[in-house]
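Welcome to a short tour of some side-chain contacts. Please have the model open as you read, and follow the topics one by one.

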Amino acid sequence: MGFGAKYDDDFYAWTQEQASRLREAAASGANLPLDWENLAEEIESVGKSDFRGLAKHLGRVIEHLLKLEFSPAEPPRSGWRRSVRNARDELDLILKDSPSLKARLGDAVEWAWRKGLGEATDGLEADGLTERDLPADCPYTADQLLDPGWWPANRHELD
């Protein structure tokens with residue numbers, strides 16, 4: 001019997017598949033003294049933590065890209081660029097371990113946009129900016145968020 005997703009090739013897909021197989025084994029009446037449903041839930045939750053990490057790091061990238069783009073600070077703060085680089089490195093590791101999560105990037109960006117916008121708004125208040133000064137929808141594509149060489153132009157340097 002072959003296994004679908006391989007543990008070392010796509011951890012997220014493996015966890016979801018293994019949880020499904022545990023539930024199938026429980027439904028088939030397997031006579032082993034195991035807590036099938038809770039085992040399945042625990043394995044699923046380990047995979048879901050990769051998704052949460054993906055969304056969290058995307059939120060950090062969005063927060064600091066917004067600050068780099070919209071802050072009138074002279075010059076935009078280097079700590080924001082460093083934070084974006086670090087978060088992009090983490091995203092790269094997560095997506096290498098669990099490439100099937102790329103199919104869920106849209107969901108992750110949707111959540112990350114709300115989180116990143118809120119954090120950016122809080123941080124930009126010191127510069128006199130409010131949420132009304134920022135885009136209503138995420139102006140960045142998933143490819144831009146993940147691209148280590150992509151940076152938005154600062155809107156105040158364009159004036």
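In this predicted model, the ring of tryptophan 151 has the charged end of arginine 81 sitting over it, 3.9 Å from the ring centre. The charged end of arginine 88 also sits over the ring of tryptophan 151, at 4.9 Å from its centre.

**Aromatic pairs**

- The structure holds two aromatic pairs.
- One of them joins phenylalanine 11 and tryptophan 14 in a stacked arrangement, with 6.0 Å from centre to centre and 25 degrees between the planes.
- Both phenylalanine 11 and tryptophan 14 belong to helix 1, where they are three residues apart, about one turn of the helix.
- Phenylalanine 11 counts as buried because its relative accessibility is 17%, under the 20% cut-off.
- Tryptophan 14 has 22% relative accessibility, so it counts as partly exposed.
- Tyrosine 140 and tryptophan 150 make an edge-to-face pair, 5.6 Å centre to centre with 65 degrees between the planes.
- This pair links distant parts of the chain, ten residues apart: tyrosine 140 is in the loop between helix 4 (105–124) and helix 5 (142–146), and tryptophan 150 is in the segment after helix 5.
- Tyrosine 140 is buried, with a relative accessible area of 6%, whereas tryptophan 150 is partly exposed at 22%.

**A nonpolar surface patch**

- Leu32, Leu34 and Leu39 make a nonpolar surface patch of about 260 Å².
- Leucine 34 is found in the loop between helix 1 (11–27) and helix 2 (36–70).
- With a relative accessible area of 43%, leucine 34 is partly exposed.

Note on methods:
Residues are numbered from 1 along each chain as its sequence is written. This is a predicted model: local features need pLDDT of at least 70, side-chain atom pairs count only at pLDDT 80 or more; totals for chains, interfaces and linings use all residues. Side-chain values use heavy atoms; hydrogens and water are left out. Patches are made of residues with over 30% relative accessible area and no salt bridge: like charges are joined within 9 Å, nonpolar side chains (Val, Leu, Ile, Met, Phe, Trp, Tyr) within 5 Å. Accessible areas come from the Shrake-Rupley method with a 1.4 Å probe; for residues, only the protein chains shown count as cover. A salt bridge is a side-chain nitrogen of Lys or Arg within 4 Å of a carboxyl oxygen of Asp or Glu. Helices (H or I, at least four residues) and strands (E, at least two) are DSSP runs, numbered from the N terminus. Buried means under 20% relative accessible area, exposed over 50%, partly exposed in between (1.4 Å probe, protein chains only). Rings of Phe, Tyr and Trp (its six-membered ring) pair if their centres lie within 6.5 Å; planes under 30 degrees apart count as stacked, over 60 as edge-to-face and the rest as tilted. A charge sits over a ring if NZ of Lys or CZ of Arg is within 6 Å of the ring centre and within 35 degrees of the ring normal.
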